[in-house]
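Biologist: Let's go through this one together. Could you start with the terms?

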Amino acid sequence: MNSLIPLLVAAPLAGAALLLLGGRYLDRLGHWLGTLAAALSFVLGVLLFSDMLGRPTGQRAVHQHLFSWIPVNGFRADVSFQLDQLSVTFVLLITGVGTLIHLYSVGYMAHDERRRRFFGYLNLFLAAMLLLVLADNYLLLYVGWEGVGLASYLLIGFWQHKPSAATAAKKAFIVNRVGDMGLSIAIMLMFTEFGSFAFGPVLGGARQASEGKLTAIALLLLLAACGKSAQVPLQSWLGDAMEGPTPVSALIHAATMVTAGVYLITRSGAIFNLAPDAQTAVVVVGTVTLLFGAIVGCAKDDIKKALAGSTMSQIGYMVLAAGLGPIGYAFAIMHLVTHGFFKAGLFLGAGSVMHGMDDEVNMRHYGGLRKYMPITFVTFGLGYLAIIGFPGLSGFFSKDKIIEAAFAKGGTEGWILGLCALVGAAVTAFYMTRVMLLTFFGEKRWQPSARTGEEPHPHESPATMTLPMILLAFGSVFAGGLFALNSSFLHWLEPVTGHSEGDSPLQPLTVTLLTTVCMLAGVGLAYLMYGRSPVPVTAPVGSPLTRAARRDLLQDDFNHAVLVRPGAGLTASLVYLDSKAVDGLVNGLAATIGGISGRLRRIQTGFARSYALSMFGGALLLAATTLLMRSV
Amino acid sequence: MSYLLTATCAVPAAGAVLTAALPAGSSEARRRASKGVALAVSAATLALTGAVAASLDTGGARYQLTESHTWIRSFGIDFSLGADGIGAVLALLTAVLVPIVMLASWHDADPVRNPDGTFENVRRTQGFFALVLAVEAMVLVSFLATDIFVFYVFFEAMLIPMYFLIGGFGDRAGGPDSAAQRSYAAVKFLLYNLLGGLVMLAAVIGLYVLAQDQGLATFDLPTLTGAIADGKLVIDPTAEKLLFLGFFFAFAVKAPLWPLHTWLPNAMGESTAGTAVLITAVVDKVGTFAMLRFCLGLFPDASRTFGPYILVLSLIGIVYGALLAVGQKDIKRLVAYASISHFGFIIMGIFAFTSQGQSGATLYMVNHGISTAAWMLVAGFLISRRGSRLIADFGGVQKVAPVLAGTFLIGGLATLSLPGLAPFVSEFLVLVGTFAKYPVAGIIATFGIVLAALYALLLYQRTMTGPVKAGVEGMADLRLREVLVVAPLVALTLFLGVYPKPLTDLVNPAVNATLSQIHQTDPAPAHPVAATTGGEHE
Amino acid sequence: MNPVNYLYLAALLFTIGASGVLIRRNAIVLFMCVELMLNASNLALVTFSRMHGNLDGQVIAFFTMVVAAAEVVVGLAIIVSIFRTRHSASVDDSNLMKL
């Protein structure tokens with residue numbers, strides 16, 4: 001059974017290779033081939049999962065060694081896989097949601113002439129993401145980590161003819177590279193500390209290392225997580241990444257890839273648990289991001305960018321939970337899975353709306369769509385209820401648990417974190433209600449499309465698109481309840497992540513009530529602002545905070561002023577210096593020698609007799625010197 | 001005594017003579033004949049080099065397949081050859097790249113047609129291909145020589161064909177003063193390297209004189225290194241430092257190490273893409289290779305003394321080269337500066353004195369050769385289509401020539417060391433090897449990977465994406481010949497990224513031998529953990 | 001007779017030849033002066049041979065004669081061909097050695 005593990009990665013990888021190298025012959029069938037590869041991977045995942053369920057808790061984690069990758073004396077990097085409760089959870093999420101989104105893309109990309117290549121990239125992404133979660137050592141994880149970055153780069157920039165898409169793709173890759181730097185230095189540090197970077201030795205031996213070293217490793221891992229999961233201060237790429245096709249936003253920039261940071265922190269729990277300072281940093285990053293993302297989400301008029309802000313914020317919740325240590329790991333992953341369902345569903349819904357509205361993304365140009373797109377409306381609505389934490393739906397269970405865990409951290413810290421998380425819940429409810437109201441309610445504010453010049457004729461999307469949305473809506477509704485039932489999810493993950501209860505100053509019921517009240521307050525406020533009066537088609541100027549939030553709280557301006565422009569100045573001045581100073585020195589030397597030889601050349605007159613004279617002179621001189629030396 | 005190594009070096013040399021001697025003519029058939037002969041010879045060389053690599057016994061002696069022929073008896077100079085893992089791997093790289101370069105430059109050296117239909121300079125084609133073969137022969141001797149004098153002679157002699165390749169064959173994309181630029185570049189290349197070579201000659205003679213005084217009148221490398229290791233040959237520390245610097249200077253010019261790098265952008269910018277690949281992927285590798293083989297083995301104490309300083313220079317080179325690459329406006333100069341950054345990594349790996357660093361550096365030489373060849377040759381195809389080297393003249397190429405754009409992207413991704421591609425393996429080994437001894441240097445060098453992403457992706461974005469620019473529309477996609485050029489390079493990049501073990505198996509023993517020559521061992525991990533779960537396997 | 005006297009004669013002849021090379025312009029005369037110098041050194045070599053009682057000097061003198069003969073052949077040919085093209089045998093008229 002274990003030998004099936006490599007096939008999980010191989011199936012989509014083979015799909016990608018076939019689709020990217022296959023040429024035009026595969027244009028007609030390529031999308032189904034890609035979907036098939038994803039589905040095959042999912043089936044394999046389910047098989048392995050059921051196999052794992054059949055084994056007692058202690059024997060659930062399995063290893064599969066494939067081959068020795070880079071052996072240099074003490075440095076041993078292997079291609080080998082580890083399938084345990086944590087990774088199988090991810091495998092099911094990735095392949096499950098992945099397959100649905102492949103299916104959705106069949107309809108969504110139907111009119112794109114490069115559809116085959118799109119599916120090739122999607123398959124490549126699946127392979128890399130599966131490698132990331134299945135690797136049994138950090139270096140192989142790093143391969144998957146950069147692999148998903150590459151797939152993300154290719155897919156964000158899929159419409160390369162748009163300069164904005166190409167720029168966004170490059171930005172995403174480079175910002176991610178900053179994070180990757182953290183991961184690669186962390187691996188080097190592990191190697192010098194433990195002589196290995198496989199999970200077993202590193203996590204098992206963490207106790208022997210000094211706290212300072214562990215804190216360093218943990219902070220570097222956090223840097224990596226910040227890059228991949230769009231956490232402050234490396235979050236700026238996620239909003240721009242919405243330039244990619246919507247299925248990409250759903251799969252990569254909502255459900256799976258951006259949560260890789262949470263996976264990394266949870267996987268490295270043994271290190272973080274021993275480095276309290278690093279854990280504090282994780283918690284701070286998570287809390288700041290969850291508020292940051294929520295505020296940005298409130299101000300955006302672009303439906304995808306509003307959802308991107310929300311993604312950032314929700315991942316902030318997960319990072320916060322992961323930073324809490326064993327109190328929170330399981331809940332972080334639980335929220336990650338439920339978020340995967342409802343956020344993917346929301347993005348697919350947004351894609352469906354855009355599909356019907358001639359690729360319009362400005363929510364102020366929507367309105368009243370519920371009558372025209374009933375299925376989209378219902379599925380989006382269920383996703384909406386799930387994300388705001390409406391009692392009984394997925395988000396309610398998972399988010400509530402995180403807020404509870406934040407309070408359970410104890411002390412002043414616990415209060416601050418808990419309250420921030422509560423505020424975040426209220427803001428989440430506010431911006432999501434805003435999205436819902438602007439899109440599906442109110443009167444029509446449709447504008448003539450820039451492309452065709454006609455007013456759009458919204459229509460429900462084809463079955464290949466609605467089916468995945470319906471299935472994801474099921475997940476959004478029931479997954480949370482299922483996981484929370486008898487704390488089944490918690491017990492499932494406990495052997496990997498460990499669990500402790502913490503001591504909460506509040507009763508669980510009190511937290512639940514508070515969360516619900518905050519949520520209702522957010523919904524109510526949004527209704528007052530957007531539900532009762534007509535929404536202007538062009539955005540009002542707004543308060544300074546709104547304006548700043550529209551510009552991602554000036555993050556890009558900051559980066560531009562502090563990094564990009566000085567960097568450009570530096571390279572320009574270095575280019576100048578290289579030709580003037582470094583090269584100039586050499587050229588100056590050459591010119592000096594040239595000048596001297598120019599003068600010396602005058603002695604050579606070309607008359608044979610003058611040469612003869614100098615020869616005689618020289619000979620005389622030599623003879624005289626010899627005689628003199630001898631006499632002395 | 002087997003004659004395999006001599007044959008490996010002699011075949012391309014004979015091929016060069018043969019190609020040059022073929023009857024010249026303006027007809028297509030005549031030209032094709034000379035190109036065909038040259039290509040066949042390079043293929044035969046590849047087969048021989050493959051045989052060399054395959055017949056190495058990884059558990060055997062340091063130098064294998066050794067042979068020795070008396071050359072100048074009175075000075076103890078023998079034409080002796082021997083292959084170790086490092087030399088064999090690099091010889092293989094050379095032999096793989098030469099036929100590819102030839103195929104890529106198939107029409108670059110065709111004679112110029114005058115307006116009246118006659119051809120100017122009909123011997124051009126043969127000249128180009130004969131010179132390439134000559135370079136190959138000399139580089140192979142350099143990689144396989146175990147006699148210092150023989151190495152020196154060929155190290156220097158390869159400047160001559162390179163000079164003519166740079167000065168005589170441009171890429172027809174330069175401005176009106178391109179001929180002047182080209183001859184400037186060629187002279188600069190020659191002067192820099194000649195200067196380095198002369199300093200080295202002084203050091204070579206100095207070493208011989210010192211050895212002769214102690215009864216070892218020989219240039220044989222294994223004998224000398226053995227004597228130094230056993231204490232039979234004692235060199236005064238000051239003299240050792242001077243001799244080390246003499247050798248190192250020549251190699252640092254060739255490699256090139258910052259601040260001796262400025263000839264490279266000129267030479268690579270002005271020559272054809274094929275020549276540029278020969279320079280950066282093959283000829284420059286002799287410099288870094290020689291550091292590993294000669295500097296470390298002959299002067300262990302001086303190497304340790306100067307190691308940290310060289311490390312600093314290489315670190316500057318890494319960051320400096322990358323920053324300059326970001327600021328370039330010319331595609332080929334950008335690739336050249338990227339190479340300077342990469343050479344910084346190679347030299348850093350060598351002078352980190354760890355097995356990971358040095359194995360990584362050797363793999364880096366190979367992987368950089370392959371990946372830069374792919375990147376540069378595709379860039380050459382691009383430039384020849386547009387007739388311009390300026391980045392600003394391109395835009396939206398992926399729309400009209402998707403395969404070309406795709407391979408260019410792969411070349412760029414390899415340059416930025418994407419995991420899964422070959423350069424990642426070597427770059428990570430160099431970084432981890434350096435970090436183990438010099439953590440700060442390792443961390444600073446890691447910044448290089450961000451900068452590499454910046455220049456590689458900026459170049460791709462500016463040339464390939466966005467709306468189709470005027471002058472780019474109607475650009476043809478890769479032809480069959482060009483696909484044949486790029487496909488093996490891409491395949492190798494992928495294969496060596498996933499399964500580099502064949503190379504590491506060859507290189508590791510040689511690296512361990514080098515490390516023991518300089519009395520260095522890998523630092524032990526602070527808290528070694530017996531691999532119980534992750535490392536061992538069911 | 002004291003062999004040293006031959007050396008004086010050789011020195012005298014050499015000086016005459018050298019001054020001739022430096023002063024005269026006509027290529028033919030110049031050429032004869034060169035011959036004079038060669039023969040002066042031949043004389044000196046033979047003298048040394050006699051003085052030291054071995055044959056080395058005489059052997060070298062033979063070499064010199066051969067060189068001189070070769071030089072006459074090549075040199076005269078050059079002078080004649082220069083005279084044909086330039087109608088002058090003055091060495092100052094041609095300064096083609098200048099860069």
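Modeller: A salt bridge here is a side-chain nitrogen of Lys or Arg within 4 Å of a carboxyl oxygen of Asp or Glu. This is a predicted model, where local features need pLDDT of at least 70 and side-chain atom pairs count only at pLDDT 80 or more, while totals for chains, interfaces and linings use all residues. Residues are numbered from 1 along each chain as its sequence is written, chains are lettered from A in the order written, and side-chain values use heavy atoms, without hydrogens and water.

Biologist: How many salt bridges does the rule find across the interface of chain C and chain A?

Modeller: In contact (heavy atoms within 4.5 Å) are 16 residues of chain C and eleven of chain A. Still, the salt bridge count across that interface is zero.

Biologist: Which element gives the largest share of the side of chain C that touches chain A?

Modeller: Helices are DSSP runs of H or I, at least four residues, and strands runs of E, at least two, numbered from the N terminus. Two elements of chain C give two or more residues to that side, α1 (4-23) and α2 (27-52). The largest share, five residues, comes from α1(C).

Biologist: Over in chain A, what is the bridge partner of A:His63 in β2(A)?

Modeller: Strands β1 (residues 62-72) and β2 (residues 75-83) of chain A run antiparallel, joined by nine bridges; pairing takes at least two DSSP bridges. They form a hairpin with two residues between them, and A:Asn73 in the turn has a positive phi of about 50°. The partner of A:His63 is A:Gln82.
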